[in-house]
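Please open the model in your viewer and keep the selection tool at hand. The stops below are arranged so that each selection leads to the next.

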Amino acid sequence: MPESTETPSGPLPHLLILGATSDIAQSLAVAYARLGHAQTLASRDCQRLQPLADRLVREFGHAVNLVEFDALRFDSHGDFYRGLPSVPDIVICVFGYLGDHDRALADFDECRRIIESNYVGVVSILNVVAEDMRRRQRGTIIGVGSVAGDRGRRANYLYGSAKAGMAAYLSGLRQRLVRDGVHVMTVKPGFVRTRMTAGRDLPARLTAEPDQVAADIVRAQRKGRDVVYTLWMWRYVMLIIRSLPETLFKRTNL
Ligand SMILES: NC(=O)c1ccc[n+]([C@@H]2O[C@H](COP(=O)([O-])OP(=O)(O)OC[C@H]3O[C@@H](n4cnc5c(N)ncnc54)[C@H](OP(=O)(O)O)[C@@H]3O)[C@@H](O)[C@H]2O)c1
């Protein structure tokens with residue numbers, strides 16, 4: 001395992017972004033590069049990361065590593081992490097899969113892909129990351145979940161239940177690692193204008209651009225927050241939605 005890039009007087013913490021072709025991830029990469037962080041970008045297809053890597057080198061002058069990563073290849077995660085060119089100090093799990101809910105109700109392959117992409121894959125890779133950070137007694141783990149995990153809704157409860165599992169996992173991990181100097185942050189975006197929501201009619205006031213989400217994540221991480229909703233008003237929207245009794249909630253169109 002190579003040595004960490006973080007030293008008291010040396011470079012800023014090294015960042016690993018998992019699912020770096022995501023629109024939110026690309027905004028995160030730029031936001032962290034602007035602050036001076038060197039990065040490793042991981043995705044299923046490194047070729048698609050090359051334009052972003054070129055931009056980070058050209059505009060910010062930071063070294064960028066590109067590595068192949070598939071969240072569903074659980075058996076590969078240990079070797080993937082041990083083979084990284086730089087030990088990451090901040091790991092951001094951005095990958096996710098919305099899928100086709102209606103199709104998934106009848107097609108278990110699609111159903112399983114939703115559950116494994118948003119929950120099992122997260123647990124598989126973060127178990128490895130968490131153990132390394134626990135051993136080193138430092139680090140930051142950020143998981144991008146969703147407000148969909150706060151309450152199951154008829155339109156997307158397969159995706160939502162996987163994100164709920166992810167949130168519970170991160171909560172437990174946070175409590176386990178706090179005494180080891182490892183910070184675990186859960187991110188709960190509401191609507192975000194990305195490839196995932198392309199073509200959907202989203203309410204303008206409740207919809208964020210990827211750059212806004214990235215700015216919220218960076219700010220919250222630097223303040224050491226545990227759970228961040230983005231846009232901020234989703235915290236209150238979900239507070240109301242969560243507080244509705246089931247007898248009432250089951251009859252709504254929420
Ligand atoms: N957009 C929203 O409204 C919204 C709201 C709440 C939460 N989120 C969450 O935000 C995160 C980022 O999503 P986004 O909106 O930026 O959408 P996106 O652009 O569609 O990004 C999804 C990313 O997940 C990656 N991915 C999917 N399956 C993978 C796998 N098996 N292995 C590796 N990578 C995989 C995709 O890689 P490929 O490019 O290879 O497909 C892509 O980079 C997701 O976790 C999503 O659930 C989004």
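**Stop one: two helices in contact**

Select Asp23, Ile24, Ser27, Leu28, Ala31 and Tyr32 in H1, then Pro210, Asp211, Val213, Ala214, Ala215, Ile217 and Val218 in H7; these two groups meet. Contact requires C-beta atoms, placed from the backbone, within 7 Å, and helices are DSSP runs of H or I with at least four residues, strands runs of E with at least two, numbered from the N terminus. By class, this contact has 10 nonpolar, 1 polar and 2 charged residues (nonpolar: Ala, Val, Leu, Ile, Met, Phe, Trp, Tyr, Cys and Pro; charged: Asp, Glu, Lys and Arg; polar: the others, Gly among them).

The model is predicted: local features need pLDDT of at least 70 and side-chain atom pairs 80 or more, while totals for chains, interfaces and linings use all residues. Residues are numbered from 1 along each chain as its sequence is written.

Next, display the axes of H1 and H7 (residues 210–223), which come within 8 Å and cross at roughly 55° (lines fitted to C-alpha atoms over the stretch in contact, with angles from 0 to 180 degrees between N-to-C directions).

**Stop two: the ligand**

Select the 26 residues around the ligand; Thr21, Ser22, Gly96, Thr194 and Met196 come nearest (C-beta, placed from the backbone, within 6 Å). Helix H1 (23–35) and strand E7 (191–192) each give two or more residues to this shell.

**Stop three: confidence**

Colour by pLDDT, the predictor's confidence from 0 to 100. The chain averages 95, but residues 1–9 stay under 50.
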